[in-house]
Amino acid sequence: MSVTRIEPAPLRSGIPSISEPSPGPAPASSWETVRQWLERPRSARQLVLWLALYLGVAANWPLWNELARIGGAPSTYLPTIAAMSLLSFCGTVAMLSFTAWSRWMKPLWFAVAVLAALVQHYMLEYRVVMDPTMIANVLQTDPNEARDLLSWRMGFNLLVVVAPVGVVLWFARIVPMRWLSQLWRNAVLLLLMVVVALVAAVAMNRQLAPLMRNNVHLRYMMNPIASLYSTGAVFIKPLFKRSGKLIPITAGTTLGASYAAQQKPPLFVVVVGETARADHFGLNGYARDTTPELAKRGVLSYREVYSCGTNTLASVPCMFSPLGKQGYESRKDDYENLVDVLQAAGLAVFWLDNQAGCKGVCARIPNASAFDNLPPATKSALCDGEECLDDVMLEGLDARIAALPAERRAKGVVLVMHQMGSHGPAYYKRSGADMKRFQPECKTNALAECGHTELMNVYDNSIAQTDRFLGRTIDWLKGQSKQYDPGLLYVSDHGESLGEFGLFLHGVPYSFAPEAQKHVPMVTWFSAGLSERRKLSRPCMEAGLDAPLTHDNLYHTVLGLMDVNTPTYKPALDALATCRKGGAA
């Protein structure tokens, strides 16, 4: 009898055999889970909402810090922070709703994140605000100035904010949608944000209205909406504001009576200073002797002079304009300026620049960069890369003037020299090794890392460098006395904040800028020949050193000194008209 062996049936329960484990799905890694979430299909509007929310949290620390500083107790400033954050979020979404279309908008969204990160860095680092004037100034920054603003801190701050945006946008999948459907959804999003913002503004009006009225700068700290608005204003407003035509003002311009029987023509130098503060000039009573060279040369220093703007782009065209600050800022067209009038009178006019250009002022007269065509030895001694100390403008100056038309030189010469001066934040580059008399210096462009004493030292060294440059310019002018009646007028374009109220650099909107950014030095020197020619009374001029003056006076004062008759000349704005024995020109 045979016995059949029965094998046990395999287990069918859900418990896997120990000897033969059943294969199951491998657990997803943390990164795989994140990647799957990132790649989940989304609409463009969802990404816009996320980006606005993220930037509202990651790129608005300067605004929150300022609100906390102004508000005092948390119970006061926390509701305000919440309200302004909501307004900023709604405004950002509203602006980005115009871009909520397809994946091709990703580069634009990334650019917005980069802009927000950069703006936050500079608001934290230098306490600037991104109003339209500041944006315009940034766009006019040359590579040398831009290089001075770079730092490892900027790179780190940029990476912290931008990296998450880059990751999300790289993996995000945007659901395609018909354009009409996309259009009405975007319109609804825009309308919703506007309504929410209006409701929030009305609900918080009692707190926000006085806050914004007394602290205008807060509206330019809402990031990135303020930067997007200001950038748009820079490009769009000119299209509607100015026709682009140039209004001539030189008709009827003639040389005055002093030219009829002159023995020597005048040679007048206008030095446009850069970022110099009146209260850091030893001539004006500053505790440190930052201006010994000027003091030796018997100059006159005007102590109550105020600028037209708080940055070069605003101030330089304004100070050469016949319109004055109010007229210049409200103009609808461009106008000829001081150097155009001087040239129309028949004088030889030349603009020499050691800065980022003349901002259009010298467009119609001979001009040159001081860096061009320098001998290698001069570059080695006075320049670092493409940045030079202002002394470079004195190199080859005789040849530059000799190259001007002889018939114009025979009547007179006006030379405008535009300084690098005390341009920040790399103040340590603005003085030579032999001029660093105040130590220790701040040797970085990250000014917040420097102590107050180091910052004062490095800035004062740059003023001392300007003092030496002006002294050498006067000495050069004295050497021209055999063939010319020379003179000089120096005035800075704007001032500078050096940590007061937590502010650095310049460019704060004029209406609430501190005095340090508007109060500028102005210095004059006249040879005996020019003083006699224009019958200038030194006691009279000395008595007027505390008279209130502004950049509005420059146009008329130079015309009066050069004895140029033109319909736009106003004797009341000529700072020296009453000190000429013959009266106003």
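Does Thr275 count as buried or exposed, and at what relative accessibility?

A: Thr275 counts as buried, because its relative accessibility is 0%, where buried means under 20% relative accessible area, exposed means over 50% and partly exposed lies in between, with a 1.4 Å probe and protein chains only. This is a predicted model, in which local features need pLDDT of at least 70 and side-chain atom pairs count only at pLDDT 80 or more, whereas totals for chains, interfaces and linings use all residues. Residues are numbered from 1 along each chain as its sequence is written, and side-chain values use heavy atoms, with hydrogens and water left out.

Thr275 is found in the loop between strand 5 (266-273) and helix 12 (292-296); helices (H or I, at least four residues) and strands (E, at least two) are DSSP runs numbered from the N terminus. A positive phi in a residue that is not a glycine is found again at Lys535, with a value of about 50°, in the loop between helix 20 (528-533) and helix 21 (538-543). Lys535, however, counts as partly exposed, because its relative accessibility is 43%, whereas Thr275 is buried at 0%.

One joins Asn223 and Pro224, with omega about 5°, and Pro224 is found in the loop between helix 10 (205-214) and helix 11 (225-241). The other runs from Gly424 to Pro425, with omega near 5°, and Pro425 lies in the loop between strand 12 (413-418) and helix 19 (452-479).

Turning to the cysteines, a search of the whole structure finds five disulfides, a disulfide being a pair of cysteine sulfur atoms within 2.5 Å. With bonded cysteines counted along the chain, the disulfides follow the pattern 1-2, 3-4, 5-6, 7-8, 9-10. Among them, one joins Cys308 to Cys318, with an S to S distance of 1.7 Å. This pair links distant parts of the chain, with Cys308 in the loop between strand 6 (300-306) and helix 13 (312-319), and Cys318, 10 residues apart from it, in helix 13. The torsion about the S-S bond of Cys308 and Cys318 is about 65°, so this disulfide is right-handed. Cys308 is buried because its relative accessible area is 3%, and Cys318 is buried as well, with a relative accessible area of 1%.

A further disulfide joins Cys358 to Cys362, with an S to S distance of 2.2 Å, and the link of these two cysteines is left-handed, with -85° about the S-S bond. Cys358 counts as buried at 9% relative accessibility, and Cys362 counts as buried at 6%. The disulfide between Cys383 and Cys388 has an S to S distance of 2.1 Å and is right-handed, with 100° about the S-S bond; both of its cysteines are buried.

Strand 6 pairs with strand 16 (residues 519-526) in the antiparallel sense over five bridges, and Tyr302 stands opposite Met522 in strand 16. Strand 6 is also joined by two bridges to strand 17 (residues 549-550), and these two strands run parallel, with Val305 opposite Leu549 in strand 17.

Helix 2 (residues 44-58) and helix 5 (residues 106-126) pack at an angle of about 10°, with their axes 11 Å apart; axes are lines fitted to C-alpha atoms, for helices over the stretch in contact, and angles run from 0 to 180 degrees between N-to-C directions. That angle makes helix 2 roughly parallel to helix 5, because angles under 35 degrees count as roughly parallel, over 145 as roughly antiparallel, 65 to 115 as roughly perpendicular and the rest as oblique. With contact meaning heavy atoms within 4.5 Å, Ala44, Leu47, Val48, Leu51, Leu55 and Ala58 in helix 2 meet Trp109, Val112, Ala113, Ala116 and Gln120 in helix 5. By class, this contact of helix 2 with helix 5 has 10 nonpolar, one polar and no charged residues, where Ala, Val, Leu, Ile, Met, Phe, Trp, Tyr, Cys and Pro count as nonpolar, Asp, Glu, Lys and Arg as charged, and the others, Gly among them, as polar.

Methods: Pairing = 2+ DSSP bridges.
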